[in-house]
Amino acid sequence: MLHSNLNLIKSNYIYLISLTIIVLKMKKDSGYDWSKNQVDALTSFTHNLGAGNLKKLTENGTRGDEEISDMLLEYKYAGGKVREGLIKRREAELKLFNEGY
């Protein structure tokens with residue numbers, strides 16, 4: 001049991017690192033000057049929506065921070081419907097992106 005729990009923790013950690021790498025690559029390739037809080041917010045966003053939507057959110061690295069901030073709350077749909085849980089998640093990511101912890 002302990003061995004399987006350690007494997008789960010390890011795989012979750014590797015997954016989180018890979019998401020962070022995706023965001024940091026976008027930061028580097030597009031010349032963003034994102035803070036740790038902004039990287040954390042976009043890592044959460046990427047975990048929920050995928051790297052393709054990170055590219056859409058940033059418009060392939062051409063949007064500024066203010067535009068990204070404005071667009072975050074647009075990602076509140078699942079199955080064509082607005083979902084309360086997604087609104088709350090995006091609001092939390094927005095707060096983290098703009099204000100930090």
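Which side chain does K36 meet in a salt bridge? I looked it up, keeping in mind that this is a predicted model. The partner is D40, and the N to O distance is 2.8 Å.

**Entry: the K36 pair.** I checked where the two sit. Both K36 and D40 belong to helix α2, and they are separated by about one helical turn because they are four residues apart. I then looked at exposure. K36 has a relative accessible area of 59%, so I noted K36 as exposed, the cut-off being over 50%. D40, on the other hand, is on the list of buried residues of α2.

**Entry: helix α2 itself.** I tested the length of α2, which covers residues 36–49. With 14 residues at 1.5 Å a residue, α2 should span 20 Å, and the end C-alpha atoms are 20 Å apart, so expectation and model agree. The buried residues of α2 include V39, A41, L42 and F45, and I also wrote down Q38, T43 and T46 from that list.

**Entry: other salt bridges.** How many salt bridges does a search of the whole structure find? I got five. One of them joins D29 to K25, with the closest N and O atoms 2.5 Å apart. This pair is in helix α1, and being four residues apart puts D29 and K25 about one helical turn from each other.

I went on to E59 and R63, which form a salt bridge with 3.2 Å between the closest N and O atoms. Is R63 buried or exposed? R63 comes out at 13% relative accessible area, so I put R63 down as buried, under the 20% limit. E59 is at 43%, which means partly exposed.

**Entry: a greasy patch.** Which residues make the nonpolar surface patch of about 410 Å²? I found Y13, I14, I17 and I21. I followed up Y13, which lies in helix α1, residues 2–30. Y13 has 55% relative accessibility, so Y13 counts as exposed.

Definitions and conventions. Residues numbered from 1 in each chain as written. Predicted model: local features only at pLDDT ≥ 70, side-chain atom pairs only at ≥ 80, totals over all residues. Heavy atoms only, no water. Helix = DSSP H or I, 4+ residues; strand = E, 2+ residues; numbered from the N terminus. Expected span 1.5 Å × (residues − 1). Buried < 20%, exposed > 50% of the residue type's maximum accessible area, 1.4 Å probe, protein only. Patch = residues over 30% accessible without salt bridge, like charges linked within 9 Å, V, L, I, M, F, W, Y side chains within 5 Å. Areas by Shrake-Rupley, 256 points an atom, 1.4 Å probe, with all protein chains shown as cover. Salt bridge = Lys/Arg side-chain N within 4 Å of Asp/Glu carboxyl O.
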